[in-house]
Amino acid sequence: MRIVLAPMEGLADVHLRRLLTVQGGFDWVVSEFLRVVDRPYPDHVFHTLCPELMQGGRTAAGTPVRVQLLGNHLESMAINAQRAVALGSYGIDINFGCPSKTVNRSMGGAVLLKEPDTLYRVVSAVRAALPKTVVVSAKMRLGFDDTGLMLANAAAIEAAGADELTVHARTRLQGYAPPAHWHELGRIRAHIRIPLIANGDICSIDDYHRCVAAAGTVDVMLGRGAIKLPTLANQIRANQSTVMPWSTITAMLNSFWHEISQVLPPRDCVGRVKQWVNYLRQQHPEAEMLWRTIREEKNSHTMQALLAASIQ
Ligand SMILES: Cc1cc2nc3c(=O)[nH]c(=O)nc-3n(C[C@H](O)[C@H](O)[C@H](O)COP(=O)(O)O)c2cc1C
């Protein structure tokens with residue numbers, strides 16, 4: 001069983017990656033995507049996206065971090081992949097799932113699911129640029145509007161030499177709305193030989209087992225489920241549902257605040273904490289109480305005081 005923490009731009013940044021991997025249970029994490037255009041990026045761009053590269057390519061808990069690239073410029077994808085790996089990335093993940101209109105307009109992300117040949121070329125270019133020992137993975141959705149090209153896309157990624165394929169079990173059209181269509185992953189599983197990592201709406205042990213049964217793979221990527229329930233990866237591993245004490249969660253929230261307030265503007269810090277508590281309240285009743293206290297709060301000093309008070 002392999003459990004991966006999903007890339008989530010604007011949500012699972014270096015700070016949350018640290019806090020979640022400290023809880024344990026994750027084999028590796030994937031960074032937010034770097035949008036590759038027609039030129040190599042300087043090192044500071046990689047370091048800003050993925051500060052873990054400055055500490056050996058691992059989170060503070062020691063979990064390896066894989067940089068995710070998004071784009072279709074073959075030479076540039078190859079060169080930037082090489083650079084990311086030289087800087088310490090634990091392999092390269094290629095994003096074929098981003099639904100953003102802006103990103104799709106520039107022919108990156110999920111729009112490429114309309115063109116299996118392009119997927120093949122992009123993965124081939126990155127694969128050819130890296131030694132065989134470096135993992136190249138791809139992350140796709142079930143399709144753009146529908147699943148018509150799903151198997152062709154998965155096969156193209158495999159034929160191009162990817163070592164693993166993660167599939168978010170929704171089309172771009174389906175966005176993030178439940179349900180995730182795990183049974184489609186079973187069709188992909190039967191069609192390719194490389195490891196398949198199932199993703200989408202795994203928020204409990206029960207979800208995990210239902211997903212495994214439908215998808216035919218024990219490997220999963222956890223996204224929002226791990227933000228709501230920071231012990232989810234460990235629970236799945238132990239096959240045991242353990243409730244994290246509220247005091248541990250408030251300690252995490254305060255630690256999160258402490259870290260982000262050193263690097264982000266006060267307004268952003270307030271927003272980020274609200275964002276996380278909003279997820280946490282879906283699993284933790286105490287978070288609902290905290291949410292009611294903080295949801296209208298705009299002042300960073302008051303927010304800090306409220307978080308500190310939540311510890312007692
Ligand atoms: C806020 C947010 C940002 C995301 N950013 C990325 C990203 O940068 N790269 C990517 O491949 N997927 C991204 N995703 C998709 C997730 O990795 C994942 O595939 C999706 O949320 C479904 O999994 P989940 O139901 O476990 O959250 C993002 C999702 C969310 C909610």
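Partly exposed residues are those between the buried class, under 20% relative accessible area, and the exposed class, over 50%. In this predicted model, Leu74 falls into that middle class, with a relative accessibility of 32%. The protein chain contains 14 helices and eight strands. Its radius of gyration is 19 Å, close to the 20 Å that the globule rule gives for 312 residues, so the chain is as compact as a globular protein of that length.

**Overall architecture**

- The C-alpha trace of the protein chain extends over about 55 × 45 × 35 Å along its principal axes.
- Of the 312 residues in the protein chain, 56% are buried.
- Among contacts with a separation of 6 or more, 70% are made by residues 24 or more positions apart.
- The protein chain exposes about 13000 Å², and carbon and sulfur atoms contribute 54% of that area.
- There are 32 positive and 27 negative side chains in the protein chain, and the centres of these two sets are 2 Å apart.

**Helix α3**

- Leu74 belongs to helix α3, which comprises residues 74-86.
- Beyond residues up to four places away in sequence, Leu74 touches Arg121, Val122 and Ala125.
- Glu75 and Pro40 are 35 residues apart along the chain, while their C-alpha atoms are separated by 9.2 Å.

**Asp38 and the loop between β2 and α2**

- Asp38 is located in the loop that runs between strand β2 (28-35) and helix α2 (43-49).
- With 49% relative accessibility, Asp38 counts as partly exposed, because the exposed class requires a value over 50%.
- Not counting residues up to four places away in sequence, Asp38 touches His73 and Ser76.
- Asp38 and Thr63 are 25 residues apart along the chain, and their C-alpha atoms are separated by 31 Å.

- His168 is part of strand β6, which covers residues 164-171.
- The relative accessible area of His168 is 6%, so this residue is buried.
- Leaving aside neighbours within four places in sequence, His168 is in contact with Met140, Arg141, Leu142, Gly175, Tyr176, Asn199 and Gly200.
- Pro179 is situated in the loop between β6 and α7 (182-191).
- The peptide bond joining Pro178 and Pro179 is cis, with omega at about 5°.

- Met107 is a residue other than glycine with a positive phi, near 60°.
- Met107 occupies the loop between α4 (101-105) and α5 (116-129), and its relative accessible area of 28% makes it partly exposed.
- Asp201, likewise not a glycine, has a positive phi of about 60°.
- Asp201 sits in the loop between β7 (196-199) and α8 (205-215), and its relative accessible area of 22% places it in the partly exposed class.

**Cysteines**

- The structure holds zero disulfides, a disulfide being a pair of cysteine sulfur atoms within 2.5 Å.
- For Cys50, the closest cysteine sulfur is that of Cys98, and the separation of 18 Å is too far for a bond.
- Cys50 counts as buried, because its relative accessibility is 0%.
- Cys203 is in no disulfide either, since the nearest cysteine sulfur, in Cys211, is 11 Å away and a disulfide requires sulfur atoms within 2.5 Å.
- Cys203 is buried as well, with a relative accessibility of 14%, a value under the 20% limit.

Notes:
Residues are numbered from 1 along each chain as its sequence is written. This is a predicted model: local features need pLDDT of at least 70, side-chain atom pairs count only at pLDDT 80 or more; totals for chains, interfaces and linings use all residues. Side-chain values use heavy atoms; hydrogens and water are left out. Helices (H or I, at least four residues) and strands (E, at least two) are DSSP runs, numbered from the N terminus. The radius of gyration is taken over C-alpha atoms; the globule rule is 2.2 Å times the number of residues to the power 0.38. Buried means under 20% relative accessible area, exposed over 50%, partly exposed in between (1.4 Å probe, protein chains only). Contact means heavy atoms within 4.5 Å. Accessible areas come from the Shrake-Rupley method with a 1.4 Å probe; for residues, only the protein chains shown count as cover. Lys and Arg count as positive and Asp and Glu as negative; His and the chain ends are not counted. The place of a charge is taken as NZ of Lys, CZ of Arg, CG of Asp or CD of Glu.
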